[in-house]
Structure formats: structure tokens, C-alpha cells
Amino acid sequence: MTKDTPGRSALPIPSKPRTGLITYDAKDPDNHNPAIEQLRPPKGAPNVLIVLLDDVGFGAGSAFGGPCAMPNAERLATQGLKYRRFHTTALCSPTRQALLTGRNHHSVGMGGITEIASGAPGYSSVLRNSAAPIAKTLKLNGYNTAQFGKCHEVPVWETSPVGPFTQWPTGGGGFEHFYGFIGGEAHQWYPSLYDGTTPVEVEKTPEEGYHFMEDMTDRAIGWIGQQKALAPDKPFFVYFAPGATHAPHHVPLEWADKYKGKFDAGWDKCREETFARQKKLGVIPDDAELTKRHAQIPAWEDMPEELKPVLRRQMEVYAGFLEYADHHVGRLFDMLDTLQIRDNTLIYYIIGDNGASAEGTLNGTYNEMINFNGAAAVETPEFLTERLDKLGGPESYNHFAVGWAHAMNTPYQWTKQVASHFGGTRNGTIVSWPQGIKARGEMRDQFHHVIDVAATILEAAGLPEPDMVDGVAQTPLEGVSMMYSFNDAAAADRHETQYFEMFGNRGIYHKGWTAVTRHKTPWLLVGEDVPAFDDDVWELYDTSKDWSQARDLSKEMPDKLHELQRLWLIEAVRYNVLPLDDRAAERLDPNVAGRPVLIRGNQQILFGGMGRLSENSVINIKNKSHTVTANLDIPAAGAEGVIIAQGGNIGGWALYAKAGKLKYCYNFLGIHYFYAESADPLPEGRHQVRMEFAYDGGGLGKGGTAALYVDGNKVGEGRVEATAAMIFSADDGCDVGRDTGSPVAEDYGPSNSVFNGSVRGIQLTINESPDDAKHVVSPEEAIRVAMARQ
């Protein structure tokens with residue numbers, strides 16, 4: 001590697017001033033102008049491909065002993081190294097921001113997911129301009145850069161079409177190209193996608209074979225091929241971040257069916273089998289112990305027999321989803337081989353941005369939004385069994401049970417969100433770079449963290465860490481390069497200290513020792529009786545002898561525990577972790593949390609053609625009486641299509657025309673559809689239509705009555721027995737004049753959702769004070785009423 005780095009510490013690299021003789025006539029024999037130089041990184045700088053999967057635990061994929069086949073991860077490992085002690089932050093947004101900046105997640109304002117950002121510096125979700133992302137550094141040094149898949153680093157108040165786009169991948173993120181989704185998760189069959197900052201619609205339906213995993217891979221392959229065709233001397237940086245295997249676990253049926261019967265023995269047996277394979281593979285040492293299942297996690301034998309067919313299918317679907325994702329990652333690797341550029345491509349295959357997710361409740365869920373709206377009790381064994389065959393398909397929004405998440409993190413304790421224990425933070429990682437790594441198929445045991453990736457890339461490319469970017473002095477990277485370990489298996493650790501924290505779950509690693517405390521339970525979103533931080537019980541492990549954190553030494557070595565507790569506090573102060581914040585529901589309220597709100601007040605005006613508006617971009621009409629008023633031009637042939645819709649097939653509402661008549665649908669969490677319809681068709685010409693929703697009140701998630709009006713005259717009415725209390729969809733937004741993504745109502749689809757007239761304007765109005773729903777009660781009673789009426 002040639003390290004011709006002078007002048008690269010300040011980015012952009014300053015233009016050189018003109019020097020030498022200036023002649024009057026270009027034909028003058030003394031006229032000499034140097035050829036235009038193109039910006040390029042140092043000679044030999046590698047292409048870089050980072051593959052980051054989502055919510056995959058250490059014990060899930062076959063490359064690290066798991067039950068889910070990942071042949072392409074295994075293939076890559078034979079061409080490189082498996083890192084057995086690589087760590088993440090225990091949650092998605094924080095891991096991603098740490099990866100992309102080379103700094104700890106609190107240091108760059110991402111102490112939690114963007115949806116719960118607060119005014120505290122470590123939790124604001126705002127990336128400071130003194131921490132330029134690695135993509136930007138590479139771009140300003142002559143790399144082409146592209147991101148595909150998930151982006152969960154944009155502050156929620158900046159996700160609308162008006163931006164600002166400073167934290168979008170192609171805004172300030174340093175990527176020249178982006179194709180993917182903004183947010184924590186995506187409907188894999190009906191994703192809400194962007195090309196750069198422009199919303200785009202997919203051209204196929206699920207019935208025609210569409211799936212986002214295949215789509216994003218096609219786009220990435222196309223981009224890489226084009227880049228090498230047009231700028232073959234220029235290296236690329238590609239960040240490939242699928243939504244797999246974050247819920248919803250969406251996968252073509254045949255991939256899930258490959259696993260039929262393979263999980264019939266349940267999650268406890270699955271852990272034991274995985275543990276045995278891990279020892280045989282050598283991804284854990286022979287003296288490692290299988291940690292005990294915690295009392296909060298039910299044993300397989302204690303689960304209701306009538307529920308077990310559903311539980312088995314949940315895991316079959318998840319396994320199929322993971323193998324399907326790995327299949328498409330393999331297509332990406334094949335493209336590198338086809339282009340004959342694999343030898344000088346540095347690949348990171350990070351199998352999970354945290355441990356497997358236990359956010360699917362003890363029984364799992366057919367539709368995540370049911371749990372997010374406080375209605376998990378409605379998903380009885382009977383309810384789930386009725387929908388068993390639909391798990392993983394376009395109508396579902398599914399997640400597996402806690403027991404499966406725990407099994408996917410074998411041999412470690414706990415799961416995603418629990419940053420204290422390795423079950424939340426240890427993710428199998430494979431690194432390949434044939435030109436830079438001599439070893440093939442070896443293990444590496446050096447302790448590393450996701451913040452080390454950026455420093456590794458810079459060293460591999462022969463580039464300095466920038467001191468200045470866009471005129472702003474940069475703070476140093478907080479990770480260390482992993483290159484010292486590439487060709488020296490016995491090299492001493494260089495990343496000796498690392499703090500962890502998420503939702504009050506916290507830990508510290510220092511020279512083999514870990515002191516940890518679990519503060520919250522990840523599947524208890526509300527209602528958990530959490531202790532005061534000072535009352536948390538700490539554990540102590542010597543991981544140089546106890547690989548899996550199985551033997552707690554806190555009572556035997558209290559002085560060592562206190563030493564590490566002090567060290568955690570020092571690191572917490574250093575990296576903006578304080579003040580600790582274990583609030584969950586409260587931080588969803590922007591007024592409590594202290595983050596900006598895009599829309600305030602009781603009214604909002606929307607216009608035809610507006611769309612892809614997230615719930616943070618539209619006034620909140622939940623738990624309130626409200627009115628939707630639209631001014632329309634009706635064609636002579638009769639009205640047809642969506643006037644306005646919010647949400648998707650897993651929950652939402654729509655005002656539309658069907659067979660010429662005005663119609664309203666309230667889709668209650670994909671469980672029940674409530675309708676109101678006019679008696680007569682809408683007349684030709686310019687008219688005003690209105691839907692007035694009279695909320696019953698008395699708490700959250702209650703019902704109401706929807707009345708329809710045309711030019712002030714009442715034309716229809718319908719009863720809605722229950723409503724969503726908290727959220728319609730994490731993916732599908734609000735659209736005017738059409739319904740993008742999955743359809744809200746059952747009687748129209750993507751092909752006939754576009755309104756055939758003109759939507760001149762829409763006004764959303766809240767008709768009463770938000771205090772109407774101040775008595776916070778569970779919506780389960782209202783849900784049972786709705787179910788009884790089916």
C-alpha cells in the first residue's frame with residue numbers, strides 16, 4: 001500500500017493555486033499547463049464492502065454454529081477470518097451510527113433509536129459536524145460511495161420530503177447513491193423506498209414475485225457493475241444493510257418450508273444443539289459453558305401445546321428469512337468474482353447489528369403493531385393458529401417468540417437491547433481481503449467493537465484520519481484499527497476497554513474482565529417495575545477463563561467489581577452516556593423528551609400528490625374526534641380511487657371512492673375492517689367531501705362513529721368499535737390521491753388505488769382537546785368488543 005497522504009488531513013483537499021508562467025497565447029511555446037488531475041485515493045486502496053445484517057444473534061447462522069443455513073457466510077469465512085469476539089451496541093440505530101462514524105454511539109448522539117431521541121447530548125439523534133462519517137471521508141479522498149437498504153440514523157423530525165437532508169445518506173452521510181428505506185424496519189413485500197431523497201415505487205407486487213431483499217441486491221449489483229465499467233481505476237465503498245432479519249420476518253414460502261420440522265423439539269433443545277455445533281466448529285472454546293435460561297424466559301415444555309405449532313412455524317419462517325438474505329448476499333459476492341475484483345476488496349460481513357430480538361413477546365406475534373398498541377393479549381393461541389399459514393406472507397407483520405431469540409444468541413445470556421451481556425452485543429463477524437490477509441479460514445480472538453471498522457478501512461486505504469472536514473475540526477476516532485490482527489493470530493489486543501449501555505442496561509469490558517448489570521427486560525415495553533439505577537445488581541465475569549459469562553464472581557471479588565464499576569462511570573462521562581435514561585413510553589412523547597415536532601396545532605393542510613409522509617409528519621388524530629375534509633374534482637365517468645390514506649394492511653384508515661361512492665375504511669390492526677359508505681355515487685364536478693369521526697372517549701384505543709358528508713349533506717355512517725392507540729405502521733405513511741405501499745382497505749389494491757379525479761386539497765382537523773384521552777387505560781377491552789363483532 002502506497003501511503004501518499006500529504007494534504008489529506010483537511011477535507012475537501014484544498015485546490016492547488018496556479019503557479020508558473022502565464023502566457024497570452026495558448027500556442028506560445030513557453031505555455032505549459034499541467035494535465036487535470038482526478039481525485040483518487042492512494043494507489044492500491046481496496047474496494048470496501050460492508051454487509052450488516054439486522055437482529056441476527058451470534059448463534060443463529062451456520063457459520064457460527066446456528067441452525068440457519070448461511071452457505072455464503074461460510075464460503076467467505078474460508079477466504080478470510082472469523083472474529084469470535086466482535087461486538088455491537090445492542091440496538092440498531094446506535095450500532096449503525098457507531099459503525100459509520102468510528103465513534104461510540106453516545107458520542108455521536110445515538111444513545112437510543114431515533115424515535116425516542118431526547119434533548120440530552122448523548123441521546124439527541126443529531127450527528128455533530130465534528131464527527132464526519134467514514135463514507136464522507138472516503139468520498140472526499142476519491143472513492144465512489146453507495147448505500148443500499150436500511151437507514152435508521154435520520155432524526156424523525158427530518159424524515160419528511162422537506163428535509164433537511166443533512167443526515168440522509170446522500171445528504172451529509174457521504175454517500176453518492178442511496179436506495180433503501182428510512183426508519184427501523186420495512187414491509188419487505190411493500191416497502192417505502194427512496195432513491196437518494198426521492199420516493200420511488202416498486203414496479204412489481206408480491207404476487208408477481210417482488211421482495212425487497214432481492215430488489216436491493218439487484219440495485220447494488222447494478223451499481224457496482226456500472227461503477228467499474230465507468231471508473232475502473234476508482235475504488236468503491238458500498239454499505240449493504242438489509243432489513244433482514246429484523247421483524248417483520250417476511251420471506252417467500254419455499255424458503256420457510258425448507259425448515260419444516262427442524263424446530264419441532266423447541267428452543268431449549270435448539271440451544272443445546274447449537275452449543276454442540278459451536279464447539280465442533282471452534283467458534284467457542286472447548287471449556288465454554290452454556291449459560292442458563294433465565295426465569296423470565298419460559299421453558300419450551302411450559303408453553304401451551306396448542307400454541308407450539310405456531311411457535312415452530314415462527315422459527316421456520318425466521319430461518320428461511322436468514323438463509324434467503326444470505327443467498328442474496330452471495331449474489332453480491334458472485335458479482336465481485338465476475339468482475340475479478342474480489343482480491344482487492346475488503347469485505348466485512350457483520351452478522352447482526354445486535355443480538356436476536358426478543359421484542360416479539362413471549363408468544364410471538366402475527367402483527368407487531370398489535371403489541372405496540374398495547375394489545376398483545378388479543379393474540380391468543382386461537383388467534384395465532386388461525387393465521388399460522390400466513391406467517392411471513394404479505395398480510396403478516398410477524399415476529400417470533402422470546403424463547404427463539406434467546407436460542408439464537410447461544411451460548412450467551414439475554415438478547416437485543418440488553419447491552420450488559422454478550423447475548424445483546426456479541427455478533428459473529430467475517431473479514432475477507434485476499435490481497436491484504438494471508439490467512440484463510442482462521443479464527444481471531446482479539447476483542448473488537450463496531451467502532452473499529454472505520455479505523456480499519458482508513459488504514460487499509462492508506463488514508464489519514466482527517467483533522468478537518470468542511471472547515472470543522474474533527475474529534476478523534478474512538479475505535480482502533482483491526483489490521484494488526486489480520487496476519488497475526490497471536491497479536492495482543494489493542495481494544496482493551498469498552499463500555500456498553502442501552503436503556504440502563506450497562507456493562508464495561510476491560511482486559512478480559514466484564515462488570516455488567518441488566519436494568520430492563522426488552523419485551524416489557526410498558527409496566528415493568530424497574531429499580532433505581534443505584535439499586536441495580538451487578539455481576540462480574542472473567543471472560544479470559546469464562547467465555548460466555550456463565551460464572552458470576554461478584555460476591556467472591558467485590559473489590560474487582562467496584563474497580564470496574566468506577567471505570568464504567570469514567571467511560572460514561574467521557575462518552576456522553578449520562579444522564580442515564582430508562583424511560584420508554586415517556587420518550588415517545590416529543591414534548592417530554594425535548595425533540596422537535598414537525599407539525600403542531602389542531603389543523604394541517606395537504607395537497608394532491610403529497611405522499612410518503614411518516615406519522616411524525618402528520619398531525620396525530622389517534623384517540624381524538626377529528627375531521628377529514630377534501631375538495632375534489634369528480635370526472636364524468638365517476639369517482640374511483642384513494643383520496644387520502646394513512647397506514648397499510650397492518651393498520652390505518654382511508655377515505656376513497658369505490659364504484660363511484662364515497663367510502664371510509666378503518667383498518668384496526670389488520671384484525672378487523674370497519675366501513676362507512678355513501679348511498680349514492682359522487683356527482684360529476686367540483687365537490688367537498690368530509691369524514692367526521694366522533695371518538696367515544698374514556699381512554700386510549702376506544703371506538704367511535706364515522707359519518708360521511710358531501711357538500712355538507714350527510715350521506716353515510718359507520719361504527720368503528722376500536723382504534724389504534726399508539727401507531728398505525730412503522731413503514732407505510734400517509735398519501736394523498738393514492739395509497740402507496742400495502743393497501744389499507746381490502747377492496748382496492750396497488751393497481752387501482754390512484755384517484756381518477758383531482759384532489760385539490762385536504763384539511764385534517766382535530767375537533768377536541770387531546771386531553772379527551774388523558775385517562776390512559778388498556779385498549780384490550782375495546783379490542784375484545786371488536787373481535788366479538790367479527
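**Figure 1. Contact of helix α1 with helix α7.** Pro71, Asn72, Ala73, Arg75 and Leu76 of α1 meet Asp326, His327, Gly330, Phe333, Asp334 and Asp337 of α7, where contact means heavy atoms within 4.5 Å. The contact of α1 with α7 divides into four nonpolar, three polar and four charged residues; Ala, Val, Leu, Ile, Met, Phe, Trp, Tyr, Cys and Pro count as nonpolar, Asp, Glu, Lys and Arg as charged, and the others, Gly among them, as polar. The model is predicted: local features need pLDDT of at least 70 and side-chain atom pairs count only at pLDDT 80 or more, while totals for chains, interfaces and linings use all residues. Residues are numbered from 1 along each chain as its sequence is written, and side-chain values use heavy atoms, with hydrogens and water left out. Helices (H or I, at least four residues) and strands (E, at least two) are DSSP runs numbered from the N terminus. The axes of α1 (residues 71-78) and α7 come within 8 Å and cross at roughly 40°; axes are lines fitted to C-alpha atoms, for helices over the stretch in contact, and angles run from 0 to 180 degrees between N-to-C directions. The two helices, α1 and α7, are therefore oblique to each other (under 35 degrees counts as roughly parallel, over 145 as roughly antiparallel, 65 to 115 as roughly perpendicular and the rest as oblique).

**Figure 2. Contact of helix α4 with helix α7.** The axes of α4 (residues 212-230) and α7 (residues 308-338) come within 10 Å and cross at roughly 10°, so α4 and α7 are roughly parallel to each other. Residues of α4 in the contact include Met213, Thr217 and Ile221, and those of α7 include Tyr324, His328 and Leu332. By class, this contact has nine nonpolar, three polar and three charged residues.

Figure 3. Glu214 touches Gly209, Tyr324, His328 and Arg331, not counting residues up to four places away in sequence. Glu214 and Val329 are 115 residues apart in sequence and 9.5 Å apart in space, C-alpha to C-alpha. At 28% relative accessibility, Glu214 counts as partly exposed; buried means under 20% relative accessible area, exposed over 50%, and partly exposed in between (1.4 Å probe, protein chains only).

Figure 4. Lys560, Leu561, Leu564, Leu567, Trp568, Glu571 and Ala572 are buried in α14. They cover an arc of only 140° around the axis, which puts them on the same side of α14; the arc is that of the directions from the helix axis to the C-beta atoms. Exposed Asp559, Arg566 and Val573 are on the face of α14 turned away from its buried side. Cover for the buried residues of α14 includes β16 (497-502), β17 (505-510), β18 (513-517) and β19 (539-542).
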